[in-house]
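Here are some notes to read alongside the structure. They are set out as numbered points, and each can be checked in the viewer.

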Amino acid sequence: MRGNAPVTLAVVIGAHGITGEVRLKVFTDDLARYKSFNGGALTLKSLRDGTNCAIARFTEIGDRNAAEALRGTELTVPRSSLPPLGEGEYYHTDLLGLRVVTPAGELVGRVVTIENFGAGDVIEVERPDGARFMVPMRVEAVPEWDGVRLILNPDFGAP
């Protein structure tokens with residue numbers, strides 16, 4: 001776990017209408033459970049589904065100009081406000097930046113990206129020389145991880 005660092009749950013992708021609503025790209029299953037973002041700077045007033053996005057209204061945003069000014073703004077909450085995890089579960093934010101090592105402890109690289117193309121999470125590892133490769137985030141490939149390092153099965157890209 002990465003302490004209480006801010007975790008991005010959504011990003012504003014543009015304004016919606018003229019009354020201050022914004023379009024969001026959402027990275028969580030339940031954004032509505034959170035009411036305060038960015039250290040209290042934004043308070044969620046309403047949230048609904050839109051076409052390929054979510055539509056949100058914030059108490060502090062009253063018109064289209066203010067909504068447009070938010071474009072690109074990440075909506076963050078403290079890590080401690082996320083629900084507890086079950087056995088074998090993880091938040092992407094907890095894996096990003098982790099050292100990737102072999103079972104013998106040899107450095108392979110760092111986790112730089114996590115994708116999901118529909119069949120489960122895939123981590124992208126960057127080697128010290130800058131080369132990158134992808135590995136499924138499954139027990140066969142990644143038998144163990146914690147807040148410091150991720151162990152990679154040598155059959156999946158370790159030297």
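1. Is Asp94 buried or exposed? The relative accessibility of Asp94 is 9%. Buried means under 20%, so Asp94 counts as buried. Keep in mind for this point and for the others that the model is predicted.

2. The partner of Asp94 comes next. The side chain of Asp94 meets that of Arg79 in a salt bridge, with 2.6 Å from N to O. Asp94 belongs to helix 2, whereas Arg79 sits in the loop between strand 6 (74-78) and helix 2, so the pair ties together parts that are 15 residues apart in sequence. Arg79 has a relative accessibility of 6% and counts as buried too. As background, side chains of opposite charge can pair when their charged atoms come close.

3. How many salt bridges does the structure hold? There are 10. One of them joins the side chains of Glu124 and Arg132, at 3.8 Å from N to O. In this pair Glu124 is buried, with a relative accessible area of 17%, while Arg132 is partly exposed at 46%.

4. Another salt bridge links Glu140 with Arg138, where the closest N and O atoms are 3.0 Å apart. Both partners are partly exposed: Glu140 has 40% relative accessibility, and Arg138 has a relative accessible area of 48%. Elsewhere, salt bridges with shared partners join Glu21, Arg48 and Arg57 into one network.

5. Now the chain as a whole. The protein chain has two helices and 12 strands. Read from the N terminus, the order of the elements is β-β-β-β-β-α-β-α-β-β-β-β-β-β. Along the principal axes, the C-alpha atoms fill a box of roughly 55 × 30 × 25 Å. Of the 159 residues in the chain, 36% are buried. Among contacts with a separation of 6 or more, 46% are between residues 24 or more positions apart.

6. Which residues of the largest nonpolar core touch the most other members? They are Leu9, Val22, Leu24, Phe37, Phe58 and Leu75, out of 22 residues in that core. Two or more residues each come from strand 1, strand 2 (21-26), strand 4 (42-50), strand 5 (53-58) and strand 6. Strand 1 gives the largest share, five residues. In soluble globular proteins, nonpolar side chains tend to be buried together.

7. Leaving out residues up to four places away in sequence, Phe58 touches Val22, Phe37, Leu42, Thr43, Leu44, Lys45 and Leu75.

8. What does Thr76 contact, apart from its neighbours within four places in sequence? The list is Pro6, Val7, Thr8, Ser36, Phe37 and Asn38. Thr76 is placed in strand 6 and counts as buried, at 16% relative accessibility. Thr76 and Ser36 are 40 residues apart along the chain, and their C-alpha atoms are separated by 8.7 Å.

9. Arg127 lies in the loop between strand 9 (121-126) and strand 10 (132-136), and is partly exposed, with a relative accessible area of 25%. Arg127 and Val111 are 16 residues apart in sequence, with 9.2 Å between their C-alpha atoms.

10. The last point concerns empty space. Rolling a probe the size of a water molecule over the atoms shows where such space is left. The largest pocket has a volume of about 530 Å³. Its lining consists of 17 residues, and Phe27, Thr28, Asp29, Tyr91 and His92 lie nearest the centre. Strand 1 (6-16) and helix 2 (92-95) are the elements that give two or more residues to the lining, and strand 1 gives the most, with three. By class, the lining has nine nonpolar, four polar and four charged residues.

How values were computed. Residues are numbered from 1 along each chain as its sequence is written. This is a predicted model: local features need pLDDT of at least 70, side-chain atom pairs count only at pLDDT 80 or more; totals for chains, interfaces and linings use all residues. Side-chain values use heavy atoms; hydrogens and water are left out. On a 1 Å grid over the protein atoms alone, a cavity is a set of points where a 1.4 Å probe fits but cannot get out, and a pocket is an open set with protein on both sides within 12 Å along at least five of seven lines; lining residues have an atom within 4 Å of a point. Grid points are joined across faces, edges and corners, and a volume is the space filled by probe spheres set on the points. Helices (H or I, at least four residues) and strands (E, at least two) are DSSP runs, numbered from the N terminus. Ala, Val, Leu, Ile, Met, Phe, Trp, Tyr, Cys and Pro count as nonpolar, Asp, Glu, Lys and Arg as charged, and the others, Gly among them, as polar. A salt bridge is a side-chain nitrogen of Lys or Arg within 4 Å of a carboxyl oxygen of Asp or Glu. Buried means under 20% relative accessible area, exposed over 50%, partly exposed in between (1.4 Å probe, protein chains only). A nonpolar core is a set of buried Ala, Val, Leu, Ile, Met, Phe, Trp, Tyr and Cys residues joined through side-chain atoms within 4.5 Å. Contact means heavy atoms within 4.5 Å.
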